[in-house]
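Reader: I would like a close look at a single part of this model, followed by an account of how the rest is put together. Please keep it plain.

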Amino acid sequence: MYPHSHHQEDQPILDVRHLNVRYNGYTALENITFHLHAGERVAVVGPNGAGKSTLLKVVAGVLQPSSGDVTIFGSRPGRHVCIAYIPQRSQVDWGFPVSVADVVMMGRSAKLGPLNWPRKRDWEFVQHALETVQISDLASRQISQLSGGQQQRMFIARALAQEAELMLMDEPLTGLDTPSQEGLLDLLDTLREQNVTVMVATHDLEQAASHFDRIMLLNHRMVAFGEPHIALQTGNLLKAYGGRLRTTEDGNIVAVDDCCDEGEYDHVH
Amino acid sequence: MKGNMTTFIDLLLQPLQYEFMQRGMIAAILVGIVCAVVGTYIVLRGMAFFGDALAHTILPGIALGYLISGGARDVLFWWALGTAILAALGIGVISKNSQIKEDTAIGIIFAGMFALGIAMISTVRSYAVDLSHFLFGDVLSVSPQNLWLILIFGGIILLTVFAFYKEFMTLSFDPVLAATLRLPVTLLNNLLLVLIAVTVAVSLQTVGVALMVAMLVTPSATAYLLTHRLSSMMVLAAFFASLSGVIGLYLSYYLSIASGAAIVLTATGFFMLAFGWKKTKGA
């Protein structure tokens with residue numbers, strides 16, 4: 001079997017202390033400290049290049065921090081298989097010759113261990129995961145034939161097949177139409193019932209405010225972390241977004257993203 | 001009609017009366033299968049340039065073996081194997097730790113080593129003939145002993161790909177997933193490099209170093225156009241590669257063209273057909 005860490009259930013699912021990430025003289029993250037409870041839903045919000053993806057990758061144990069501690073249920077993330085990282089859709093090779101079920105089955109690779117082939121139980125796991133995200137009819141499709149929303153659902157199914165307890169999602173809502181976004185957010189509600197902790201990087205302040213328990217406002221440093229109405233106070237937003245924030249005539253605050261794919265504006269009331 | 005059929009079968013059977021043709025056929029088929037299966041990962045991971053460079057980089061190793069053994073061919077497999085594994089892991093280390101971009105680093109080493117190999121072989125009087133065999137292959141000179149080596153090492157490669165099928169698939173599709181599943185990513189990456197290296201050594205006599213990359217990528221790319229599953233891509237690539245080997249050898253026999261070139265041209269033809277078919281179907 002591949003190495004797995006055991007959980008100490010009395011520990012928080014994620015505990016980050018004094019985390020610093022530097023590379024090539026550039027500081028990506030500075031002195032980040034927070035912890036998450038099981039089943040919580042957290043949005044990580046901040047301007048482009050604020051270090052959101054870096055934070056998710058360090059928590060996933062894929063990127064090593066320069067200093068500081070990250071613990072999952074009391075031990076380092078490097079041996080946990082309960083963390084799922086869902087990549088930005090633009091970073092995936094959609095021409096890869098695999099079906100939706102193949103991709104979801106990949107999530108079971110660790111539990112299967114070396115030299116073992118999927119058994120009946122594993123295929124049932126995959127089937128069940130696909131049913132949970134409501135795309136079981138697409139199981140044998142090649143992945144390039146999926147819509148953006150279906151692609152995200154497939155990756156959530158893969159995380160479920162992995163039996164992930166902490167799901168890290170990098171900009172899952174970017175580039176999706178509104179109905180797909182709403183569908184995905186509803187799906188995250190379902191996950192909460194399964195006690196899955198969700199950490200989502202997003203630049204949509206409004207969705208972050210309306211669909212998440214807590215919001216982390218990030219710009220290399222942690223500007224604020226708390227319930228939406230506290231975290232998204234004007235002073236905090238100004239600190240996180242700086243000059244890219246302006247107040248419209250009707251009193252709304254608008255964060256203007258400098259290099260976003262859609263060049264869209266993020267609204268918050 | 002019956003007469004025509006007999007003539008056709010005669011045409012197919014006539015070359016096979018020679019033992020060297022029989023061995024050449026078997027070698028071409030085996031090498032085709034191995035190259036195609038390993039080549040599937042090369043195509044999907046965008047490693048074509050690495051494969052090409054690796055094949056060229058082993059030339060000084062072969063040349064050294066050739067000079068030491070005084071021109072004996074049978075021992076060259078081992079020299080090729082050793083150099084290929086060393087070069088594969090070496091290129092991996094250099095491209096990771098270099099300030100220069102990976103493809104530039106590979107390009108510098110590959111051309112330098114290739115030149116060194118040519119320089120070494122050029123010290124021998126009959127060098128033009130021997131060099132062309134190393135560069136373009138000489139499948140008709142495969143000895144029975146060589147055939148056994150191809151069979152054994154080819155078998156090991158296929159078994160390894162089969163054993164780590166889900167790991168290699170996961171790693172190639174999503175390296176970050178492989179890392180969060182705590183698969184031994186570095187070990188698997190190096191294992192794949194070694195597999196490519198052994199494949200290069202196994203294929204040396206069939207297509208030679210200069211045409212090797214064609215056997216590694218062309219049949220797999222053809223299969224990529226025609227299927228949507230990794231396993232069927234491997235099977236289809238192996239089919240195109242071995243068929244190219246057989247057809248190529250007949251072309252070589254009847255048209256008196258170099259065997260390696262004939263095999264590669266046939267494989268390229270299949271790719272063109274698949275590409276054209278896909279275009280007409282898609283448009």
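Is B:Leu81 buried or exposed, and why?

Author: The model is a predicted one, and what follows is computed from it. B:Leu81 is buried, because 20 other C-beta atoms lie within 10 Å.

Leaving aside residues up to four places away in sequence, B:Leu81 touches B:Val198 and B:Ala201. B:Gln17 is 64 residues from B:Leu81 along the chain, and 32 Å lie between the C-alpha atoms of the two.

Next, the side of chain B that touches chain A. Here 21 residues of chain B are in contact with 23 residues of chain A. Three helices of chain B, α9 (165-173), α10 (175-180) and α12 (230-255), each supply at least two residues of that side. The largest share comes from α9(B), with five residues. By class, the side of chain B that touches chain A is made up of 12 nonpolar, four polar and five charged residues.

Chain A has a contact of its own, between two domains. The domain assignment gives domain 1 as 1-82 + 165-244 and domain 2 as 93-163. Taken over C-alpha atoms, the centres of domain 1 and domain 2 of chain A are 24 Å apart. Between these domains, 13 residues of domain 1 are in contact with 13 residues of domain 2. On the domain 1 side of chain A, helix α6 (residues 178-193) gives the most, with five residues. That side of domain 1 has nine nonpolar and four polar residues, and no charged residues.

Chain A also holds an open sheet of three strands, in the order β2-β1-β4, and the pairing is antiparallel. Its edge strands are β2 (26-36) and β4 (67-72) of chain A, each of which pairs on one side only. From one strand to the next the twist averages 20°. Strand β1 of chain A, residues 14-23, pairs with β4(A) in the antiparallel sense over five bridges. Within the sheet, A:Asn20 stands opposite A:Ser67, a residue of β4(A).

Key:
Residues numbered from 1 in each chain as written. Chains lettered and ligands numbered in written order. Predicted model: local features only at pLDDT ≥ 70, side-chain atom pairs only at ≥ 80, totals over all residues. Pairing = 2+ DSSP bridges. Helix = DSSP H or I, 4+ residues; strand = E, 2+ residues; numbered from the N terminus. Axes fitted to C-alpha atoms, helices over the stretch in contact; angles between N-to-C directions. Contact = placed C-beta atoms within 7 Å. Nonpolar A, V, L, I, M, F, W, Y, C, P; charged D, E, K, R; others polar. Domains from an automatic or database assignment. Buried ≥ 20, exposed ≤ 12 C-beta atoms within 10 Å, placed from the backbone.
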